[in-house]
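Please read the following report beside the sequence and the coordinates, taking the sheet, the ligand shell and the helix pair in turn.

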Amino acid sequence: MEDKKVAISVQNVNKTLGDRKVLNGINLDIYQGETFVIMGGSGCGKSTLLRHMTGALVPDKGKVFIGDRDLTTLSKDEKDRTKRKFGMCFQSSALLDSLSVEDNVSLPLREHTKLDPHIINIIVKMKLGLVGLRGFEHLMPSMLSGGMKKRVGLARAIAMDPEIVFYDEPTAGLDPIVAAVIDKLILDLSKKLLITSVVVTHDMNSVFRIANRVAMLHAGRVLEIGTPEDIKNSKNAIVQQFIRGETEGPVNFIDKGDDYLKDLAE
Ligand SMILES: Nc1ncnc2c1ncn2[C@@H]1O[C@H](COP(=O)(O)OP(=O)(O)O)[C@@H](O)[C@H]1O
Ligand SMILES: [Mg+2]
């Protein structure tokens, strides 16, 4: 990957929320065109890290580069312009229940462009086609299954032809087969549209299906970073415990529940 261009560079990012040091010196580079997965247990800081990459949160210390621009020092206008390159697909699908499929997908186009409604219509049909929902334009979200809602969310995320798409737990709450279908779609879209994808997940099946590279987060630090193969072969006992889903190991889930993180974070 030596000759690859860096799409996102996270440099020594630190963040305290409440009384908790949630990110503790995160460093990682994400290359253009790759599918980069951020994995780790619940509460380890995955979403918080993602929100720093999208500019929703500003680090207490450290920098986040999108290409050669430091998100943390951009003016509001420049930041907004940079954010136009992003597509986002979050856990809840976040569809507006009162709008049809078509109107949900066209929302960013109507908000951020001056395109003719006729052109927007064509773009929406094309995006829905890409996620396998051609002909579903007029349905309401309440009529859709969980997997279909995710697809609409995906179509909306790519509506503005983003360079980078951020996914937060895209397969959470889906049955294993539908989850596999969504994973395949994420891969298809990255390839067809040459998108850089950043995917937060704790679903190990997803990790090994979609990742070019993976960072394992734990207690606000990057424990391991590399290809899925590197992660599988990691000598770190916490990484091994996580990918095997074992209750016994360095992380004691049973005694401490989610609070084990509090003890490990400094
Ligand atoms: N606004 C906030 N105020 C205080 N603590 C927060 C806030 N947001 C997140 N946290 C804490 O930060 C930790 C990491 O959260 P998050 O990044 O959402 O974890 P993950 O996505 O890995 O499950 C959690 O312990 C969470 O309770
Ligand atoms: Mg999260």
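## The hairpin of β4 and β5

In this predicted model, two residues lie between the strands of the hairpin formed by β4 and β5, and Gly-67 there takes a positive phi near 60°. The two strands pair in the antiparallel sense over two bridges, and Ile-66 stands opposite Arg-69 in β5.

## The sheet and the helix packed on it

## The shell around ligand 1

Ligand 1 is surrounded by Leu-17, Gly-18, Arg-20 and Val-22, together with Gly-40, Ser-42, Gly-43, Cys-44, Gly-45, Lys-46, Ser-47 and Thr-48. The elements that give two or more residues to this shell are β2 (20-31) and α1 (46-53), and α1 gives the most, with three residues.

By class, the residues around ligand 1 divide into three nonpolar, seven polar and two charged.

## The crossing of α3 and α4

Two packed helices are described by the angle between their axes and the distance between the axes. Here the axes of helix α3 (residues 101-112) and helix α4 (residues 117-130) come within 10 Å and cross at roughly 125°, and because of that angle α3 counts as oblique to α4. The crossing in which α3 passes α4 is right-handed.

On the side of α3, the contact is made by Glu-102, Val-105, Ser-106, Leu-109 and Arg-110, while α4 contributes Ile-120, Ile-123, Val-124, Lys-127 and Leu-128. Taken by class, the contact of α3 with α4 has six nonpolar residues, one polar residue and three charged residues.

Methods: Residues are numbered from 1 along each chain as its sequence is written. Chains are lettered from A and ligands numbered from 1 in the order in which they are written. This is a predicted model: local features need pLDDT of at least 70, side-chain atom pairs count only at pLDDT 80 or more; totals for chains, interfaces and linings use all residues. A residue is near a molecule or strand if its C-beta atom, placed from the backbone, lies within 6 Å of it. Helices (H or I, at least four residues) and strands (E, at least two) are DSSP runs, numbered from the N terminus. Ala, Val, Leu, Ile, Met, Phe, Trp, Tyr, Cys and Pro count as nonpolar, Asp, Glu, Lys and Arg as charged, and the others, Gly among them, as polar. Axes are lines fitted to C-alpha atoms, for helices over the stretch in contact, and angles run from 0 to 180 degrees between N-to-C directions. Angles under 35 degrees count as roughly parallel, over 145 as roughly antiparallel, 65 to 115 as roughly perpendicular and the rest as oblique. A crossing is left-handed if the near helix is turned anticlockwise from the far one by less than a right angle, and right-handed if clockwise. Two residues are in contact if their C-beta atoms, placed from the backbone, lie within 7 Å. Two strands pair if DSSP finds at least two bridges between them.
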